[in-house]
Amino acid sequence: MGKVVLVTGVARRLGGRFVRRIQRDPEVDRVVAVDAVPPEQQLGGADFVRADIRQPTIARVLAEHSVDTVVHLDVTGTPLGSGSRTTVKETNVIGTMQLLGACQKSPTVKRLVVKSSTNVYGSAPRDPAVFTETTPPKSLPSGGFAKDAVEVEGYVRGFARRRPDVAVCVLRFANILGPYADSPLASYFSLPVLPTVLGYDPRLQFVHEDDVIEVLRIGAHEARRGTLNSGTFNVAGDGVLLLSQCARRLGRPTVPLLLPVVTWAGSTMRTLGMTDFSPEQIRLLTHGRVVETVQLHETLGYRPEYTTAETFAEFADSRGRGLLPPETLAGAVDRIAALPALGGGHLPTQSAN
């Protein structure tokens, strides 16, 4: 008999994509898709079970289907439909506690994969240039999704100590982007004009949706020869982009503002429902965050297909041309550079070197 994989958070696009992908693996016999609301997307041949992971009924679902692999994707920073931030936090934290409690009691569960985030490192002015999986944050996140992710990982570590027989894989994803990305950062980059913090140009990393699906799939199976897929792994595309580079590639002008003004603007945007410009996102857009992915490459044995720049390029293409299309902006810069030097009346000459 093949694997029986239970996936949470399937009403979201990422969860639905993973359910359809994992079904194609020959060693998977059955997929049980769980969410509190019915998904709008097709789940293929998966068995959909409408269940709220915040409720103890999730234990019965594990038992009835003899689940041996749990992929927990219902850890997110954005509400679904008309949901509120309170509902999201309850699902992230209380839902994870209930799910882990059910896994602990289940004799059939042998593998657990948890979707986490590099948000657990926070963003602070004294941060190291690069975070590894064992680097403690200089300033723990004080609220929002980042704090939820920290709490979730704490509960997962406790579960791993209580059930050492279960292989536990925690995947800390950088900012997930792609043609269908639905996240606060994707909403920010979709604004016609990007508010930025005056005097800061943070370094950012991205991971493509396709790479997210593949890494989750690797975590859900037995490790390949010469690799290990239990533990904690940073997942990000190679390279970094500055926020100013992102804005130019989107063709969107930026408006540098003082930090208090950005904070006020973020609060206003949240109130108006334009984008979830949360305090944690403001810190990211001020100080940035870069993680090391050596363990992803050497231990997990996976190198993302998309670099950070390639991931952002696909995202930018899906969002259409901004007010300042990159080619138009580049042409304007070239024309300015070709103007006669001020006061000299002569075109600049090229150096022999």
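User: Where do F312 and F315 lie?
Analyst: Both sit in helix α11 (residues 308-319), 3 residues apart, about one turn of the helix. A helix here is a DSSP run of H or I with at least four residues, a strand is a run of E with at least two, and both are numbered from the N terminus. This is a predicted model, where local features need pLDDT of at least 70, side-chain atom pairs count only at pLDDT 80 or more, and totals for chains, interfaces and linings use all residues. Residues are numbered from 1 along each chain as its sequence is written, and side-chain values use heavy atoms, with hydrogens and water left out.

User: OK, is F312 buried or exposed?
Analyst: F312 counts as buried because its relative accessibility is 0%. F315 is buried too, also at 0%. Buried means under 20% relative accessible area, exposed over 50%, and partly exposed in between (1.4 Å probe, protein chains only).

User: And how many aromatic pairs are there?
Analyst: The count is 7. Rings of Phe, Tyr and Trp (its six-membered ring) pair if their centres lie within 6.5 Å; planes under 30 degrees apart are stacked, over 60 edge-to-face, the rest tilted. The rings of Y121 and F131 have centres 4.7 Å apart and planes at 20°, so that pair is stacked. Y121 and F131 are both in the loop between β5 (111-117) and α4 (144-162), 10 residues apart, and both are buried. F312 and F315 make a tilted pair, 5.8 Å centre to centre with 50° between the planes.

User: Which residues form one aromatic cluster?
Analyst: Y188, F189, F206, F312 and F315.
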